[in-house]
Amino acid sequence: MSKIMEWVDERLPVTELLKSQATEYPTPKNLNYWWNFGSLALLVLIIMIATGLFLAMHYKADANQSFDVVEHIMRDVNFGWLLRYAHANGASFFFMVVYIHILRGMYYGSYRKPREILWWFGIIIFFMMMGTAFMGYVLPWGQMSYWGAAVITNLMSAIPFIGEDLVVWIWGGFAVGDPTLNRFFALHFLLPLVIFGVVIVHLWALHAVHSNNPVGIDLHDEKDTLPFHPYYTIKDLYGYGIFMIIFCAFVFYAPNFFLEPDNYIPANPMQTPAHIVPEWYFLPFYAILRSIDFLGSFSKLAGVLAMVGSIMILFILPFLDRSPVRSFRYRPLSRQLFWIFFVDCLILGWVGYNPADAAIFDGALPLIIVGRTCTAIYFGYFFLLWAITAFDIEKHQPVPKSI
Amino acid sequence: MVTESDESRRDFLTLATGAVGAAGVAGAAWPFVKSWSPSADVLSQATTEVDVSGLAPGQMITVPWQGKPVFVLRRTPAQIEAARKADSEALPDPAKDADRAKKPEYLVLLALCTHLGCVPQPIGTGNYGGFLCPCHGSHYDTSGRIRQGPAPANLPVPYYEFKDEKTLVIGKV
């Protein structure tokens with residue numbers, strides 16, 4: 001065996017790569033369980049690609065057939081229901097895991113020097129995930145599929161001058177239709193493979209600078225680290241076990257919990273359902289879009305810009321945070337802002353879930369006001385984080401010298 | 001030995017090759033981009049004929065035209081009056097009701113919200129007695145004009161004409 005590996009290594013240094021990048025790769029020894037979510041995201045990506053590939057073997061992209069074909073997968077294909085429910089719930093879990101992954105990065109300052117490029121590739125992956133999930137959701141061609149596609153593609157029509165033509169080009173017609181469905185299927189197949197490629201760049205950037213850690217200080221010597229294998233392979237596997245228990249509980253016992261019932265109605269281009277909401281993982285961004293309604297004829301463009309901006313702003317986060325300390329564990333003000341931001345995102349999601357003209361407290365407080373306030377707080381987080389660190393308002397607590 | 005003129009000749013050749021290469025890539029990319037534009041079968045223009053003789057006052061039907069929904073509403077006198085009255089108000093997208101309905105009795109609207117393209121709810125919904133879009137809460141009045149919410153413009157009126165008393169033709173050949 002070793003003879004064979006020697007022969008291979010002379011021609012393709014596999015052993016060397018495995019040693020430096022996996023088995024002997026030095027990892028901070030104090031990582032907590034929040035660091036499990038990166039490898040969990042990789043697990044879900046693999047589940048999505050595997051179930052997706054086998055679903056594609058039964059699926060047909062055709063406006064007249066797609067809805068029935070998904071029902072055929074559910075009823076006739078052996079374990080088709082399992083493939084489909086695992087794929088549909090997998091998308092929800094993918095976002096759940098990735099949101100925790102992002103929030104962990106925000107809390108422990110993982111976006112900061114020297115991890116900016118690592119962070120940026122993460123945002124690019126997040127963008128591509130959203131696009132992929134959106135196009136996948138169109139494929140069953142239910143009511144939510146159709147109207148989700150109509151609304152999201154119409155976002156482009158807000159672009160001045162070329163918007164209307166661009167939308168027609170994306171549709172391949174004058175409304176969302178068969179050409180749209182076909183190209184979305186093609187792209188939904190392609191994009192996860194591109195995501196996989198970008199994940200490799202993400203890991204490359206990670207391994208160049210090494211993992212951050214809860215204390216948020218740089219690694220000094222070997223005493224600070226453990227080899228990735230077996231210490232973190234086993235910890236990640238433990239996380240996989242917990243994850244699969246929760247994931248399977250949903251797939252087998254509540255498979256439609258995250259899905260919208262209206263998507264079990266075939267697409268009808270003549271009627272928008274009365275209660276149309278996007279998938280839960282888009283709700284906070286959807287709420288931001290909807291909150292900008294006070295600018296007259298500019299509201300549409302401004303809403304789209306605010307929604308895109310709410311993600312784009314993450315790109316400059318590494319430059320907004322000027323604190324000398326990386327981890328929020330030692331930054332009391334930043335920590336409070338972070339939790340306000342977190343709760344704010346949850347409220348935004350809840351606002352997005354409710355109808356646009358809903359109100360609370362017996363109609364005394366229109367939800368649109370809550371949405372506008374939460375949108376302001378969302379962007380306020382980034383501004384305040386910059387302000388308290390740039391003007392040295394925050395006094396940080398003592399940071400340990402070593403791990 | 002390489003002279004100065006040789007060098008500039010080489011620079012020119014490099015540049016020219018690069019330019020031809022770039023033009024070639026752009027030319028090769030164009031068919032891919034263009035393949036997304038509406039195909040010939042989609043482009044074939046369609047008109048839709050609607051028999052409006054069966055419509056009672058206040059009744060509304062949704063008819064497909066080029067794959068898009070069109071509302072045909074036979075308005076009641078009260079709805080026409082409400083639409084006329086609003087002519088003088090400050091509207092986000094000013095338009096006279098008389099310019100929007102060829103016959104005041106019949107309101108013909110392309111039923112796609114000008115915000116992000118959902119179909120508004122049927123007549124009598126929302127705050128202005130017209131149409132409420134369920135997606136992001138835009139309110140339209142009984143002339144299909146935008147009154148409240150994020151939509152930037154009135155519901156468009158498609159080209160239509162009355163072939164005779166009871167037949168409405170939507171679209172132009």
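## A strand pair in chain B

In this predicted model, B:F71 has B:L109, a residue of strand β4 of chain B, as its bridge partner. The strands involved are β3 of chain B, residues 68–74, and β4(B), which pair in the antiparallel sense over five bridges.

Strand β4 of chain B spans residues 106–110, and five of its five residues are buried, so the strand is largely enclosed by the rest of the structure. Buried here means a relative accessible area under 20%.

In a regular strand, side chains alternate between the two faces of the sheet. Both faces of β4(B) are covered. On one side lie B:Y106, B:V108 and B:L110, on the other B:L107 and B:L109, and all of these are buried.

## The disulfide

Over all chains, the count of disulfides comes to one. This bond joins B:C118 to B:C135, with a distance of 2.1 Å from S to S. The angle about the S-S bond is -85°, and the link of B:C118 and B:C135 is left-handed.

B:C118 lies in the loop between β4 and β5 (129–133) of chain B, whereas B:C135 lies in the loop between β5 and β6 (138–141) of that chain, so the pair ties together parts that are 17 residues apart in sequence. Both B:C118 and B:C135 are buried.

## Cysteines in chain A

A:C248 is partly exposed, its relative accessible area being 28%. A:C345 takes part in no disulfide. The cysteine sulfur nearest to A:C345 belongs to A:C374 and is 9.1 Å away, whereas a disulfide requires two cysteine sulfur atoms within 2.5 Å.

Terms used. Residues numbered from 1 in each chain as written. Chains lettered and ligands numbered in written order. Predicted model: local features only at pLDDT ≥ 70, side-chain atom pairs only at ≥ 80, totals over all residues. Heavy atoms only, no water. Buried < 20%, exposed > 50% of the residue type's maximum accessible area, 1.4 Å probe, protein only. Helix = DSSP H or I, 4+ residues; strand = E, 2+ residues; numbered from the N terminus. Pairing = 2+ DSSP bridges.
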